[in-house]
Structure formats: C-alpha cells, structure tokens
Amino acid sequence: MDAEDGARDAPYDRERRAATVRSGPMTHGLRMPPDVMRELATHVTEILVERSASLRDGRAWDGEFKQDLRERLLEPPPETGRPPREVIDRAVRDVLSPIMRHDHPRAFGFVPSEPTWPGVLADFLATGFNVNAATWLSASGPSQLEAVVIDWFRRWLGYPETAGGALTSGGSAAALDALVAAREAAGHPARATVYMSDQSHSAQIRAARIIGIRPDHLRLLPAGADFRLDPAVLAGAVEADRAAGRIPIAVCANAGSTSTGAVDPLPAVADYCTAHGIWLHVDAAYGGFAAITEPGARRLRGIERADSIGLDPHKWFFQPYEAGCLLVKDVRTLERAFAIHHDVLQDSVWGANHPNQADRDLQLSRRDRALKIWMSVQICGLAAFRAAVAKGIELAERAGQYVVDSPVMELMTPVSLGIVCFRVNPGEGVGGERALHQLNRKVLARVFWEERAFMSSTLLHRRFALRMCVINHSTSWDDVRETLETIEGFGREAL
Ligand SMILES: Cc1ncc(COP(=O)(O)O)c(C=O)c1O
C-alpha cells in the first residue's frame, strides 16, 4: 500500500475491514470504502465466472411459484444496511437463480441469448462510469462510439452513408421509433393504416397501437403457406384502404420471423412500397445479424431497400440485454420525428457535426449500449462472431435433417435462420390433429420437467409445433442431437 492509499483508507485496518465485510454494514451513507468495493466486486466476479464454468451441468430453466418467492422476498426495506456479502449471496440464491438461463448451451426456447464476457464487463464499466449517452455534451466518447457501431451495422446491411440510427433497449423500442418516423414522414394523417403479416411479432402490433393506429386500421394479413407476406395480399389490402379514404403509412416486413425464421419477399415488398410511397420497416430483430455471414446475407437480400430496419444485438450478436438498434435509411427522418427543442437542454446543441443521440430515440437519459458491442468485437474479433452465427445456421440445418430422417418426427416448416419447427408424429395409430397436438404438448412438458434442455412451442396455421432456436455460441451438435434423441424417445413412449 502506498502512502496515498494509506491516507485514503486510514480509518480502516485490513483485518477489521475483512471481518466487517462478512459480518456487518460497511457503508458510509451511500458510499463504500475502496477496499470494500474491490472485495465485493471480486466476490461478484467469482460468482459469475463459476456460473459460466458450471452452466452446462445444470438445467437451462429454473423457476419458483409465486407464493414461495413472495415469502422469501416480500418485506419492508431495512432501515439500516445489512452485510453486503450476505445481501449479494441472497440475491444470487433467491433472485438470480430462479430464472431461465437463456445463455445455456441447451437453451432452445423463444430466442436464446448468450452474451460475451467482454460485453458483460463493458456493461459493468459503462455503469461504473455512469455514462448518460443522451447528448454529445454529456458523453462525447460514447456518442462517437455509438456512431461507429451504427456505421458497422449500416455497412453489414448494405445501407448508404445517409443512414443512421440509435441503439435502443430492444426490438420493441426500435419498432416504436420506426413507426413514429414513418407516421411523421407521412405527415401524421388522421386515418392512418399499417400492414404486416399475421406472423409479425407482437412488438410490431404494440408499436402500431402506441402510435395511435386504431385496431380497425391495423392489417394483419394472412401469410402464405410458407409463412411469408404475400405481396398480392398486401396490394389488395392497400388498394381497398385507399379506395375507402384511409392512408397507408407503413408496411412492417419480417427478416426472420420469430415463429419460423421466415424472411418475407423483401425485394417484391420493397418494389411495392417504393411504387406506392409507403414506408417499409423491416423487423430484423431476430434475423438481422445473419447478414454478417454469406448464406445469411443471401437470405436477407433486399433488406437494404427498407426505410428502416430494427435489429437486436442482444439476440444474435451475443450481447447482454438490453441492446437493440433502429437504423433508418435517411437519418434526417428520425431526427425530424424525435428532435424537440427544450430550453433547459439548449447548451447541448453543438451543431450538426456533433449529433445528440437523444434526438433519434424516445429516451433522453440513455445508458451506453455501444461499449459492449464495440468491446466484444474488439476483443473477440469479427471472425469469431461470423463463425458463431454461421454455426447456429448450420446446427439448425443439421437438426432439420435429423428430423426429416427420423421415423417418428416431422418437419413442419423449412429450417430458416437457426429455427427448426417440427413435431413428433409416429404416423398411423396416433389419431388426427387433436391427438398430435396433445402428444406434442406432453412431449414438451416432459422436456421441460425432466431435461436440462429448454424448448418452447408455436402454432403454425393453428397446428402445434415444437420449436428449437439454435443460436447460442456454446451450443454443440451433441447438445442438439441428444435433445432430439430424447424427444424421439418421449414420442415413442407416449404411443
Ligand atoms: C422478430 C422479433 N421482433 C421483435 C422482438 C421484440 O424484441 P425485444 O424483446 O428486444 O423488445 C422480438 C423478440 O423476440 C423478435 O423476435
């Protein structure tokens, strides 16, 4: 310890400090002495590293019933502080353990997500530095870094240099920002209508609702047999609305729908929207980062023609929640929608070369979301990201082939962008659709209660489907194969 450290820590001798950390409050008001800060951070780091090392051995899902958790957690706040280690250990046991482990190698349900360790550390760093990435004045470094990361995304998706955007809390916020921009670009008409297929994520529907689209002005168009938006159906709906005096303001297309991974026919939809002057928003929250791989970029062809694109680094770009992004082809469309002068912020205006990210998003105070993306790529290298995304695509395709080759399973949609939809169907003797529905629900329940893996389900034109989303970077073929073998076994036993 040097003299300066000694002076700063003077009131605490080492032994008393260590003992107090374990047995009693160790705060001065709301501050903590440096050595206590260090010891607690080390403790948290050890918990996280141990969790990461042993994650594979445990179950992908854990949870508790409400009554148990209420009994454990519902209490008045303590008037005096408790020993910090005790509080941390309790948080780990009672709060952070009964959760779905989206980063488990056998987490196949909904949209899994396995953040990089540099991403986790970056969130810690940015929080510790207390960044408010609202304006250039309040955070010039983080604002520039957000521009850098957005420029990476822009290039990967084939957008021009006029494009720009903002990092958001997730895909829902990106959809909302996009529809606000679309509505303002259309001149905020009174009888506005919005179009999407019935495969679109509820986040798009909610965004339309929030911007004030009336329920009878929202068109959820029936997707075709391939679960993609049919441009002819879109054209019919738009024409009928125009004939009735309604104003189409936006089409939301999917680039990786959550149920099946389907990609809408983006070039044809873009042709239609361009010809009819309608804003095209592409929801690529799930599938967008496939663009960094060659087969993914091929699947997403036409995305660069959209007026806006939502994409989620906290899904297939391996970042901690919350990391979403909205890109718009012309950044001015976003600023026209969101930049509002307020006298108390007048000192934040530094001119056009110093953009304020808060002028492009619904949040003013915003955390630094760029750092985790940037640090992850700087430390791991883009090639590792490309390999991880490509692995997800490939494992899902192998899983699809396994299902096709199985005598007791049936593929329900073509495998697309890491998603496999299938069901157990041993053929004759099972009964009709109702019986298959029951059988597959039972299989899913057994995976849930008996296995390390976690899977979820969906409905495909009303037919129940098991759904595997294979995008975690630690997932191996053995993880996928053993899970499919188990499902096959359950299917046979249920007969
Ligand atoms: C295709 C799609 N769009 C939007 C969303 C909503 O994104 P978020 O949960 O980040 O708000 C999701 C979430 O799974 C999604 O899969």
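Predicted model: local features only at pLDDT ≥ 70, side-chain atom pairs only at ≥ 80, totals over all residues.
Valine 194 touches Leu179, Ala208, Ile213, Leu218, Ile249, Ala250 and Cys252, leaving out residues up to four places away in sequence.

User: Let's step back to the whole protein. What is its radius of gyration, and what would a compact globule have?

Analyst: The C-alpha trace spans about 75 × 65 × 45 Å along its principal axes. For 495 residues, a compact globule would have a radius of gyration near 23 Å, which agrees with the protein's 25 Å.

User: What share of the contacts with a separation of 6 or more is between residues 24 or more positions apart?

Analyst: The protein has 18 helices and eleven strands, and 44% of its 495 residues count as buried. Among contacts with a separation of 6 or more, the share from residues 24 or more positions apart is 75%.

User: Where does domain 1 touch domain 2, and which element gives the largest share of that side?

Analyst: Domain 1 covers 122–382 and domain 2 covers 383–493, with 30 Å between their centres over C-alpha atoms. In the contact region, 22 residues of domain 1 meet 18 residues of domain 2. On the domain 1 side, the elements giving two or more residues are helix 12 (294–299) and helix 15 (370–380). The largest share, three residues, belongs to helix 12.

User: How many residues on that side of domain 1 are nonpolar, polar and charged?

Analyst: This is the side of domain 1 to which helix 12 and helix 15 each give two or more residues. Its residues divide into one charged, eight polar and 13 nonpolar.

User: Now for strand 1: is it enclosed or open, and how many of its residues are buried?

Analyst: On one side of strand 1, Gly164, Ala166 and Thr168 are buried, and on the other Gly165 and Leu167 are buried, so both faces are covered. The strand, residues 164–168, is therefore largely enclosed by the rest of the structure, and its buried count is five of five.

User: Which residue stands opposite leucine 167?

Analyst: Strand 1 pairs with strand 7 (residues 324–328) in the antiparallel sense, over five bridges. Within strand 7, the residue opposite leucine 167 is cysteine 325.

User: Over in strand 11, is alanine 465 buried or exposed?

Analyst: Alanine 465 sits in strand 11 (residues 463–469). Beyond its neighbours within four places in sequence, alanine 465 contacts Met412, Cys421, Phe422, Arg423, Ser457, Thr458 and Leu460. With 21 other C-beta atoms within 10 Å, where 20 or more are needed, alanine 465 is buried.

User: What is the bridge partner of serine 457 in strand 11?

Analyst: Strand 10 (residues 456–460) and strand 11 run antiparallel and are joined by five bridges. Two residues lie between the strands of this hairpin, in which histidine 461 takes a positive phi near 45°. In strand 11, the partner of serine 457 is leucine 466.

User: Is asparagine 130, with its positive phi, buried or exposed?

Analyst: Asparagine 130 has a phi of about 55° although it is not a glycine, and it lies in the loop between helix 6 and helix 7 (140–157). The cut-off for exposed is 12 or fewer C-beta neighbours. Asparagine 130 has 9 inside 10 Å, so it counts as exposed.

How values were computed: Residues numbered from 1 in each chain as written. Helix = DSSP H or I, 4+ residues; strand = E, 2+ residues; numbered from the N terminus. Pairing = 2+ DSSP bridges. Domains from an automatic or database assignment. Contact = placed C-beta atoms within 7 Å. Nonpolar A, V, L, I, M, F, W, Y, C, P; charged D, E, K, R; others polar. Rg over C-alpha atoms; globule rule 2.2 N^0.38 Å.
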